[in-house]
Structures are given as structure tokens and as C-alpha cells.
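Me: I have a model open and want a quick walk through the fold. Can you take me through it piece by piece?

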Amino acid sequence: MGHQVNPKDALSKPSSIGSSVIPIINKLQDIFAPINGGGELHSRVQLPQVAVVGSQSSGKSSVLEALVGRDFLPRGCDICTRRPLVLQLENQPAEEREWGEFRHLPGKRFYDFSQIRREIQAETEREVGYNKGVSDKQIRLKISSSKVLNITLVDLPGITKVPVGDQPSDIEARIRKMIMAYIEQEACIILAVSPANSDLATSDALQMAKEADPTGSRTIGVITKLDIMDRGTNARNFLLGNVVPLRLGYVGVVNRSQEMMGLLISCLFEMGLDDGIGLLEEIGNEKGLVM
């Protein structure tokens with residue numbers, strides 16, 4: 001007779017291999033970081049990770065913040081990500097408070113995520129100055145929370161065409177080379193981010209992803225800014241892959257703007273929590289969104 005499995009025992013086991021393997025990968029990345037510095041040797045040590053790629057102001061940072069559930073990345077109308085940010089998310093079910101810790105500040109935990117944003121900005125400026133300079137030297141940040149998945153993400157500088165500030169004349173070529181050093185690795189999953197209010201056929205992110213991953217076996221398309229498309233248009237053909245087919249398909253994301261978040265919070269206070277949440281759910285159902 002076969003051994004009878006207790007359902008409670010089955011539920012108590014890890015739900016995925018990532019729960020045990022990814023923390024080990026994170027430790028290996030920390031070990032190799034001082035050796036390669038995120039520079040030329042980076043491509044020699046290939047560890048699993050997810051790279052977020054897109055043009056400047058495509059909504060990359062908002063995608064990362066959606067995965068964390070917190071606003072913690074620098075924002076602005078100019079280039080915001082000026083150094084690769086390696087983000088190690090660590091799920092800790094028993095953790096009462098979410099916290100972040102930078103590798104360059106070991107032992108110092110940040111519980112205020114606005115301070116994490118300021119430290120990212122300060123550490124960027126310490127390395128590349130205040131005038132739009134870009135570097136391939138990584139910033140490494142671990143976030144521990146009961147609300148995140150065990151995963152390692154890399155936020156890469158946005159692809160830019162025209163040099164500004166202290167950027168060299170070949171800034172586009174340099175950023176493309178930096179991005180390719182990550183996404184050419186076979187162990188890297190590519191999140192190719194493109195805004196819905198632009199022509200997907202000319203997307204820099206999809207073009208680079210196709211170059212690094214010709215078979216499309218590790219590229220996922222992300223369509224952002226669905227909420228600001230021109231009236232009377234939609235992203236149906238983008239999401240269905242009718243414009244640029246992708247083997248793994250596309251995911252649509254509605255980015256949160258600070259203005260919209262402030263408006264929603266004001267509505268909740270004015271209407272009362274229950275009525276406010278009811279209104280948001282009604283809007284979400286009407287728009288086909290999951291609230």
C-alpha cells in the first residue's frame with residue numbers, strides 16, 4: 001500500500017524551489033559583487049536574476065515599485081536610474097515591519113522607504129556626481145517583507161538618445177553596452193518595458209531583448225501607461241502580440257502617479273473608508289482592472 005500524505009504536511013512544505021534557492025543566489029551575488037564590481041567581469045559570473053529594461057521615462061521604476069508595493073525609487077523628468085540597482089527581495093512571513101538594507105551600509109536597516117529613496121540618490125551622486133552622469137557600478141539593496149516574493153531584480157539605466165549634463169557624447173552606446181552585459185546572460189529573465197502611448201514596433205527595449213534573446217524564451221513584455229493612451233485607442237493589439245509577437249506574451253500595467261495617489265487618498269478620507277473602497281472597486285470593475 002502507498003504512504004498516505006497528510007494534507008497539512010503538504011501545505012507546510014515550501015511552495016516553490018525559489019524559497020530555498022534564491023536566498024543562496026543572493027548570498028552568492030553579494031560574494032561576487034566586490035570581485036566584478038558590476039563591470040566587465042559581471043558577465044563571467046552568471047547567476048539567475050530579472051533585468052528590467054526600457055527607455056528613459058518608460059515606467060521601469062514604477063513596475064519595480066509595484067512588485068515591492070512601496071514607493072522608494074528616485075523620480076523626476078530626467079534620467080533617474082543612473083547606476084544599476086540590484087534589488088534582492090526576501091520574503092519573511094514573520095517579519096512585522098518591512099525594512100531595507102544597502103550593501104554599502106551593512107547592518108543599518110531602513111524602515112522609512114523615503115529614506116531608502118534618498119540614500120539611493122545620495123549613493124548615486126557620490127559615484128557619478130550631480131549632473132546626470134551614469135556608471136555601471138552597482139547599488140545593492142535588500143528589502144525584507146512579508147509581502148514580497150523571493151526574487152532578484154536589476155533596475156538598469158533607461159536608454160537615452162541625447163546626452164545631457166556630464167554625459168559623454170556616446171551615452172546611448174554606453175548604456176546599451178551596460179544593458180547587454182546583463183541581458184545576454186542565459187540565466188537572466190528580461191522584462192522589456194514599453195509605454196502604451198508609443199509605437200511598440202520601435203521599442204528600444206524589445207529591440208535589445210530580441211538581440212540578446214533571439215528565441216524569446218526568457219523575454220516578457222510589459223506595457224505601461226495604459227491609463228494615458230489617447231481617447232478612443234486601446235492596447236489590445238499590443239497585449240495580444242499582434243504588433244510585436246512574444247513567445248511569453250505581455251503584461252499590462254497601470255502606473256501610479258503621485259497626483260493620482262494623492263487624489264485617491266483625499267477621496268477615501270472625504271467619503272469614508274468603506275464608501276471610498278467601494279467606489280475604487282466599481283471603477284476597477286468598469287475598467288477591467290484588479291484592485
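Reply: Two strands pair if DSSP finds at least two bridges between them. Helices (H or I, at least four residues) and strands (E, at least two) are DSSP runs, numbered from the N terminus. This is a predicted model, where local features need pLDDT of at least 70, side-chain atom pairs count only at pLDDT 80 or more, and totals for chains, interfaces and linings use all residues. Residues are numbered from 1 along each chain as its sequence is written, and side-chain values use heavy atoms, with hydrogens and water left out.

Me: How many helices and strands are in the chain?
Reply: The chain has 9 helices and 8 strands.

Me: What order do the strands of the open sheet take?
Reply: The order is β3-β4-β2-β5-β1-β6-β7-β8, with mixed pairing. β3 (99–102) and β8 (250–252) are the edges; each has a single partner strand, so one side of each lacks a neighbour in the sheet. On average, neighbouring strands are turned by 25° against each other, direction ignored.

Me: Switching to burial. How much of the chain is buried?
Reply: Buried residues are 41% of the 291 in the chain. Buried means under 20% relative accessible area, exposed over 50%, partly exposed in between (1.4 Å probe, protein chains only). β2 is mostly covered, with 6 of its 7 residues buried.

Me: What follows α3?
Reply: Gly 69, with a positive phi near 80°.

Me: Where does Ile 223 lie?
Reply: In strand β7. Ile 223 counts as buried because its relative accessibility is 1%. Leaving out residues up to four places away in sequence, Ile 223 touches several others, including Ser 194, Phe 238 and Tyr 250. Contact means heavy atoms within 4.5 Å.

Me: Last one, helix on helix. At what angle do α5 and α6 pack?
Reply: At about 50°, with axes 10 Å apart. α5 and α6 are therefore oblique to each other. Angles under 35 degrees count as roughly parallel, over 145 as roughly antiparallel, 65 to 115 as roughly perpendicular and the rest as oblique.

Me: Which residues meet there?
Reply: Arg 176, Ile 179, Met 180 and Ile 183 in α5 meet residues of α6 including Asp 204, Met 208 and Glu 211. The contact divides into 6 nonpolar, 1 polar and 3 charged residues. Ala, Val, Leu, Ile, Met, Phe, Trp, Tyr, Cys and Pro count as nonpolar, Asp, Glu, Lys and Arg as charged, and the others, Gly among them, as polar.

Technical notes. Axes are lines fitted to C-alpha atoms, for helices over the stretch in contact, and angles run from 0 to 180 degrees between N-to-C directions.
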